[in-house]
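Thank you all for coming; I would like to talk you through one model this morning, going from a pair of residues to the way one chain is divided. Please have a look at it before I start.

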Number of protein chains: 2
Amino acid sequence: MNSSTRIFALLGRAVDYSYSPLIHNTAFQALGLPYHYTIFNIAEAALVGDALRGARALGLGGFSVTIPYKQTVVPFLDELSEEATTIQAVNCIVNKNGKLIGYNTDILGFASPLFAYREALHGATIALFGSGGAALAAIEAFQRYFTPKQVLLFARDSQKAKSQLRSSLALERYTNLAIVPLSDYERVRECRLVINATPLGTKGRADGSAIIPLESNLLHSEHIVYDMVYNPTITPLLQAAQAVGASTIFGIEMLIGQAEQAFTLWTGEKMPTELVRQTVMAKLQEL
Amino acid sequence: MNSSTRIFALLGRAVDYSYSPLIHNTAFQALGLPYHYTIFNIAEAALVGDALRGARALGLGGFSVTIPYKQTVVPFLDELSEEATTIQAVNCIVNKNGKLIGYNTDILGFASPLFAYREALHGATIALFGSGGAALAAIEAFQRYFTPKQVLLFARDSQKAKSQLRSSLALERYTNLAIVPLSDYERVRECRLVINATPLGTKGRADGSAIIPLESNLLHSEHIVYDMVYNPTITPLLQAAQAVGASTIFGIEMLIGQAEQAFTLWTGEKMPTELVRQTVMAKLQEL
């Protein structure tokens with residue numbers, strides 16, 4: 001009779017493609033939790049304040065936050081975790097008895113699949129493409145968990161990228177971060193790790209298929225190539241990397257990594273991660 | 001992959017006992033609709049504005065509204081149906097592309113089970129107990145659908161009941177409505193229809209079990225006794241009515257009646273009512 005369920009959701013814009021409902025509902029059901037996860041597409045940033053005040057009044061359980069609101073939500077929250085404060089970007093909100101607390105699980109979610117390569121990355125140069133919330137998480141992850149010589153942030157417009165980063169990060173803290181023009185993409189050759197933190201390569205997008213011209217043989221077998229895009233599972237960038245024998249990390253790992261932490265923050269329980277990974281991979285194979 | 005579901009919910013306070021999730025989720029699943037219905041307990045009236053603005057921003061599908069907010073929601077809505085305008089009480093909200101439209105499906109929901117007694121009620125006197133949103137619906141239903149001689153509203157505090165009604169109704173419109181003190185409950189004998197529009201008799205409530213002293217043999221076989229309380233299915237009042245051979249109408253009929261209309265307003269489809277009734281009755285039997 002009391003089938004009242006607590007609502008959790010992904011806050012973003014035009015993100016119906018997301019796998020987050022599948023991930024969290026699979027885990028909620030597996031643990032028999034009376035929770036339900038859906039997607040709320042917020043039409044514009046001006047509505048984010050109403051959405052969060054509404055969540056508090058309605059007693060929603062919490063949110064995952066994605067493009068383009070990871071920074072927009074920050075001023076409407078009652079408290080930020082230490083990580084979220086550092087990069088002023090939130091991808092997970094917990095409603096704790098009416099107090100909205102912002103977390104950033106992207107940082108550890110991004111880092112976890114890379115821990116196996118920690119030594120390989122010591123003193124290495126890293127190529128990072130993108131300057132949104134996901135790129136912020138990567139930059140902070142290198143600061144916290146790894147010891148690279150340099151992080152090269154490739155940007156179409158270096159000035160714009162710098163001011164975008166400066167709006168969230170205390171840039172002076174990231175002494176090994178350099179912003180380089182996209183036209184210098186040949187420098188990818190000298191890097192050990194190449195990361196796509198842009199939506200380029202996402203199924204259905206028309207704007208080009210990869211962050212670098214794949215036909216120009218920039219990738220080699222020493223590379224580790226990490227694509228944050230998870231749909232399709234193997235993006236054109238990852239295909240090119242596999243073709244030359246490079247190591248690859250699928251975007252699904254970061255997606256599950258950040259979801260795992262959010263799940264525990266919401267429920268206090270451990271996510272049944274292996275079940276979730278199999279369910280998501282099976283769904284991706286269907287496409 | 002896209003298991004994003006549209007959220008509908010009951011707005012009220014401490015209403016976890018409600019059968020509305022069971023009703024609407026049974027119907028949604030039967031028709032394969034990607035909708036999910038839950039309960040949002042709003043702690044206080046001061047949060048109702050945030051809740052509704054949030055619903056608009058989040059893109060929630062709509063609400064049922066119950067105690068104590070059927071009148072509270074009115075000022076926050078963009079439009080009211082004709083019925084809702086008449087009694088300034090809303091029990092169903094539809095989010096139509098960001099426009100929140102308030103309806104009152106209680107009126108027809110209350111009236112439908114009585115249509116079989118339309119002739120019996122012509123020129124009859126009716127006893128009505130209660131002065132909240134549900135009582136308003138009953139008063140308006142008699143005005144619209146029936147031709148009783150008089151509607152006697154029994155109230156503990158006649159003045160308070162009058163001002164409560166006046167805050168919603170144009171009282172002068174209801175020429176056959178009389179407010180009488182509760183102490184005159186003996187007049188129930190002269191009535192043909194007796195209605196409980198209070199929460200008295202609800203399972204788990206400590207404040208007395210019925211609107212009239214059941215041991216005082218006020219009920220007789222000519223009576224029609226209609227209890228809006230639906231949990232338990234057969235309230236003490238209905239038991240006393242059955243014992244003397246009176247006709248009885250269970251609260252579940254009004255609950256399903258108002259839900260049926262709300263379901264169609266939200267989905268444009270007809271509710272599978274018989275399946276819903278069986279599911280609810282089965283659940284009630286389990287208790």
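Predicted model: local features only at pLDDT ≥ 70, side-chain atom pairs only at ≥ 80, totals over all residues.

A:Ile39 sits in strand β2, residues 35-41 of chain A, and, leaving aside residues up to four places away in sequence, it touches A:Leu10, A:Val15, A:Asp16, A:Ser18, A:Pro21 and B:Ser4.

A:Ser18 counts as buried because its relative accessible area is 3%, and a polar atom of its side chain lies 2.8 Å from the backbone nitrogen of A:Ser20.

Turning to the domains, chain A is divided into domain 1, covering 6-104 + 256-286, and domain 2, covering 108-249. How much area do the two domains of chain A bury between them? The figure is about 1,300 Å², with 57% of it on carbon and sulfur atoms. On the domain 1 side, A:Thr86, A:Ile87 and A:Leu284 lose the most area to domain 2, together 35% of what that side buries.

Between these domains the count is 1 salt bridge, while 4 residue pairs are found in polar contact across the interface. On the side of domain 1 that touches domain 2, α3(A) gives the most, with 4 residues.

Key
Residues numbered from 1 in each chain as written. Chains lettered and ligands numbered in written order. Heavy atoms only, no water. Buried < 20%, exposed > 50% of the residue type's maximum accessible area, 1.4 Å probe, protein only. Polar contact = N/O pair within 3.5 Å; in protein donor to acceptor, adjacent residues only side chain to side chain. Helix = DSSP H or I, 4+ residues; strand = E, 2+ residues; numbered from the N terminus. Contact = heavy atoms within 4.5 Å. Domains from an automatic or database assignment. Buried area = accessible area lost by both parts, 1.4 Å probe. Salt bridge = Lys/Arg side-chain N within 4 Å of Asp/Glu carboxyl O.
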